[in-house]
Amino acid sequence: MLNFLRPTLVRRVVLSLLMAFAIAWLLLLAVMYVSANDQAAEDKGVEDVGRGLVASLARLDNAGEARAVAAATSEQIDLLYRANDIPVVMLIELADQDGTRLYLSPAAGSARLAGDTRALTTTLVNGRTFRVFKGGAGRWSVALAVSRVDDTFLLLTLGRDLVAYLLIAFPCFLLPVWIAVSRGMRPLRQLSELIAARGTDDMSPTGVDPAYVELKPLAGALDRFLAQLREKIAREHGFVQDAAHELRTPMAVISAQAHVLAFEPDPEGRREAQRHLDHAIARASHLIGQLLALARVDGARQGETAIIDVAHLVRHHLARAAQAAMDKDIELALEAPERLPFTLEVQAFQSILDNLLDNALRYAGAGANVVVGLDREDGCLTLAVADDGPGIAQADLAHVFERFYRARSQDTTGSGLGLAIVRQAALRMNGTVALEPGPGGRGCRFVVRIAAPR
């Protein structure tokens, strides 16, 4: 029962066809009903029957014969209506030139059919509406009245007849559509079976080239998706290998210096080993912190956003970095408005600011100037960190945002993750980061632009 209720494309096609036939039935019923209710067409039918009866009586001179013709005509038409279950009554009244009634259909009772020879008229007979034709036939005067068809009967009759025709036509439409859908779904089933038969680690292209144009985008999108998965898996493997390689060096130093601390009898040697050990631990802790920060901003889901005073936040971070800047004889400055409210993901923005500041203070060199700029342009928040230090070699410019990449022109050690974190955090907030020449063409200027969330 549950399988029967599951939505399928074939069932949807059948339901669509049924809906189309239902709409066609309603439209045809409306058209046929309007046509059947056409007063001009009804009147023409009454006139044709009346004129035919007049023509038949015009050749007769005997009253008995004329009465017999009128009675026979009335009975035959009445039988025809009853045989077809048509709730219509036709009345015939025959009179001579003196106005003496010779015949009146039994259904009329004692009523008289009043009419006009010039045009059809409408009259009430026993509470029912009739259209009356009146004409002269030699010695005879003929009145013929036909009742209106009830609307309910007309709709039921027309609807029933249409349903019968549409039921006959429905399989003729359904069968070709069913065959077309079944054949059209065959490439999808083949593609599904091909993917299901693959191993869990097989991310190679499907190699499927569907014959139908409509399925080509699906096959192409699937191959592109597999290519993205291959690239993602390759990046993750490379990331794990690079992280293990970067952690190996401080771990080796920690192990060696711990051995020295355990067995070195000379106090000076122990102090030197302790210094190297502390440095290695600090380097490993920094690398682990950067790895965690990168994993945090690398997530697919964006964190919570809030409206904050970005200028106040940047001033707070610069105050914390002031001592490190003074220790390295670096002039640290801020160019920003007094207040700058903006909606953003605070933690991701702090990662950008901290890593750009750390990058500038680490590589600008003694006596350099580091300027942090903050502004809002065209609804975008712009953060710029510039220095007039030695800058980055031309050969390294294309790689500075790659993970674990360290410029060969720099002697200062680092994790090689800071700028990668900046780029990923900017992308996470629908922003961009660009590297430009520093003040006066010296050093570097990193510019981050973040669009206001919608």
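**Entry 1: R131 and D43**

I looked up R131 and found a salt bridge to D43, with the closest N and O atoms 2.7 Å apart. I count a salt bridge when a side-chain nitrogen of Lys or Arg is within 4 Å of a carboxyl oxygen of Asp or Glu. The pair joins distant parts of the chain, with R131 in strand 4 and D43 in helix 3, 88 residues apart. I take helices (H or I, at least four residues) and strands (E, at least two) as DSSP runs numbered from the N terminus.

I note that the model is predicted, so local features need pLDDT of at least 70 and side-chain atom pairs count only at pLDDT 80 or more, while totals for chains, interfaces and linings use all residues. Residues are numbered from 1 along each chain as its sequence is written, and side-chain values use heavy atoms, with hydrogens and water left out.

Are R131 and D43 buried or exposed? Both R131 and D43 are buried. I use buried for under 20% relative accessible area, exposed for over 50%, and partly exposed for values in between (1.4 Å probe, protein chains only). D43 has 14% relative accessibility and therefore counts as buried. Setting aside residues up to four places away in sequence, I find D43 touching L120 and R131. Contact here is heavy atoms within 4.5 Å.

**Entry 2: helix 3**

I checked the length of helix 3, residues 39-58. Its 20 residues should span 28 Å at 1.5 Å a residue, and the end C-alpha atoms are 28 Å apart, which agrees. The expected span is 1.5 Å times one less than the number of residues.

Which residues of helix 3 are buried? They are D43, V46, G50, L53, V54 and L57. These cover an arc of only 105° around the axis, so they sit on the same side of helix 3. The arc is that of the directions from the helix axis to the C-beta atoms. I recall that an α-helix has 3.6 residues a turn, so residues three or four places apart point the same way. The cover over the buried residues of helix 3 includes helix 4 (63-83), strand 1 (90-96), strand 4 (128-137) and strand 5 (140-147).

**Entry 3: other salt bridges**

I have a total of 14 salt bridges in the structure. One of them joins E268 and R271, with the closest N and O atoms 2.5 Å apart. E268 and R271 are separated by about one helical turn, because they are 3 residues apart in helix 7 (residues 267-297). E268 is partly exposed, with a relative accessible area of 44%.

I also looked at R339 and D309, whose side chains meet in a salt bridge at 3.9 Å, N to O. This pair links distant parts of the chain: R339 is in the loop between strand 7 and strand 8 (341-344), and D309 is in strand 6 (residues 306-309), 30 residues apart. R339 is exposed at 56% relative accessible area, whereas D309 is partly exposed at 22%. I noted one network of salt bridges as well, linking E93, R101 and R112.

I located H317 in helix 8 (residues 310-327). H317 is buried, with a relative accessible area of 4%. What does H317 contact, leaving aside its neighbours within four places in sequence? I find Q350, L353, D354 and L357.

Helix 9 covers residues 346-363; its 18 residues should span 26 Å at 1.5 Å a residue, and the end C-alpha atoms are 26 Å apart, which agrees. Its buried residues include F349, I352, L353, L356, L357 and Y363. G365 follows helix 9 and has a positive phi, near 90°.

**Entry 4: positive phi outside glycine**

I found D329 with phi near 60°, a positive value in a residue other than glycine. D329 lies in the loop between helix 8 and strand 7 (331-335) and is exposed, with a relative accessible area of 53%. D378 is not a glycine and has a positive phi of about 55°. I place D378 in the loop between strand 9 (369-377) and strand 10 (380-387). D378 is exposed, with a relative accessible area of 81%.

**Entry 5: a surface patch**

I looked up a nonpolar surface patch of about 330 Å², made by M19, I23 and L27. Patches take residues with over 30% relative accessible area and no salt bridge, joining like charges within 9 Å and nonpolar side chains (Val, Leu, Ile, Met, Phe, Trp, Tyr) within 5 Å. Accessible areas come from the Shrake-Rupley method with a 1.4 Å probe, and for residues only the protein chains shown count as cover. I23 is in helix 2 (residues 9-36) and, at 45% relative accessibility, counts as partly exposed.
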